[in-house]
Amino acid sequence: MARRSGGRPSEAGLMRRRTLPVERPEVTIGPMHRRHLPAVMRIEHGAHPRPWTVGIFNSELAQGDARYYAVLRTDGKIVGYGGIMFVADEAHVTNIAIAPSLRRQGLGSRLLAHLAREGSRRHCVAMTLEVRMGNMAAQQMYRNFGFVSSGIRRNYYPETGEDALIMWLYDLLSPEVQGRLDELEKSR
Ligand SMILES: CC(C)(COP(=O)(O)OP(=O)(O)OC[C@H]1O[C@@H](n2cnc3c(N)ncnc32)[C@H](O)[C@@H]1OP(=O)(O)O)[C@@H](O)C(=O)NCCC(=O)NCCS
């Protein structure tokens, strides 16, 4: 155990402490593979009222270029994931989640920005998604990106009978939206 001196810390000691850099975990995002599914499933079970099965993930990963799924790691450990489905020139967000203990630290936004970049790289002109009416946290994150509400799907979630809000992010390739992605990536 490290030795601790008694008494008040010196002014010089306080200054040193104030200027110490804040340790931030290293965040990396890359393609999801089947070997990642045990870690993904652990998060999925706590993320949604009706979690996807491993079979659904496997079937999504088997769709090749029609989908893109990514895992987000902090210090090498998978703590989030998300995916998009490509339909014509649109990217549909199918799933996104961050481990509960690491939420509200900007990781969900990093991941969504990554998915939006992949959609842009594939020349998608818009992104869309459905979100539970009661899921205010996710809705706010989407609004920060410029997603707007465009309609409601009634009883979309059969297990609760909850409605889904349909949201769109238009003009994905415009300098305005790409600039917003830059800002969100820089600030997180
Ligand atoms: C939605 C989810 C992925 C967001 O991940 P996250 O890492 O917490 O997101 P961020 O930290 O990037 O938050 C981005 C913004 O979203 C909003 N937000 C996120 N969580 C919020 C909460 N609990 N309450 C209010 N606003 C919230 C805030 O505007 C936040 O920005 P701020 O922290 O600067 O105020 C995460 O809450 C999650 O995994 N939820 C369960 C799965 C889910 O609902 N997925 C979406 C299905 S459509």
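## Sheet, helices and ligand shell of a predicted model

The protein chain contains an open sheet of 7 strands in the order 1-2-3-4-5-7-6, with mixed pairing. Strand 1 (27-31) and strand 6 (148-157) stand at its edges with a single partner strand each, so that one side of each has no neighbour in the sheet. On average, and with direction ignored, neighbouring strands of this sheet are turned by 25 degrees against each other. Helices (H or I, at least four residues) and strands (E, at least two) are DSSP runs numbered from the N terminus, and two strands pair if DSSP finds at least two bridges between them.

This is a predicted model, in which local features need pLDDT of at least 70 and side-chain atom pairs count only at pLDDT 80 or more, while totals for chains, interfaces and linings use all residues. Residues are numbered from 1 along each chain as its sequence is written.

In the hairpin of strand 6 and strand 7, which has 4 residues between the strands, G161 takes a positive phi near 70 degrees. Of the 10 residues of strand 6, the number buried is 0, so this strand lies largely in the open. Here a residue is buried if 20 or more other C-beta atoms lie within 10 Å of its own, exposed if 12 or fewer, and partly exposed in between, with C-beta atoms placed from the backbone. Across the 188 residues of the protein chain, buried residues make up 22%.

Helix 4 (residues 107-121) packs on the sheet, where it touches strand 1, strand 2 (67-74), strand 3, strand 4 and strand 5 (126-132), and its direction makes about 35 degrees with that of strand 3. Helix 5 (residues 136-145) lies across strand 5 and strand 7 (162-169) and runs at about 160 degrees to strand 5. Such angles run from 0 to 180 degrees between N-to-C directions of axes fitted to C-alpha atoms, for helices over the stretch in contact.

The ligand is surrounded by 21 residues, of which R103, G108, S109, A137 and M141 are the closest; a residue is near a molecule if its C-beta atom, placed from the backbone, lies within 6 Å of it. Strand 4, helix 4, strand 5 and helix 5 each supply at least two residues of this shell, and helix 5 gives the most, with 6 residues.

W52 sits in the loop between helix 2 (37-47) and helix 3 (54-61), and it counts as partly exposed because it has 19 C-beta neighbours inside 10 Å. Leaving aside neighbours within four places in sequence, W52 is in contact with E44, F57 and N95, contact being C-beta atoms, placed from the backbone, within 7 Å. From C-alpha to C-alpha, W52 and M41 are 8.2 Å apart in space, at a separation of 11 residues in sequence.

The mean pLDDT (the predictor's confidence in each residue, from 0 to 100) of the protein chain is 90, and 88% of its residues reach 70 or more. Over residues 1-10, however, pLDDT stays under 50, and the model has 1 contact beyond four places in sequence for them. Where pLDDT is low, the predicted coordinates should not be read in detail.

Definitions and conventions: Two residues are in contact if their C-beta atoms, placed from the backbone, lie within 7 Å.
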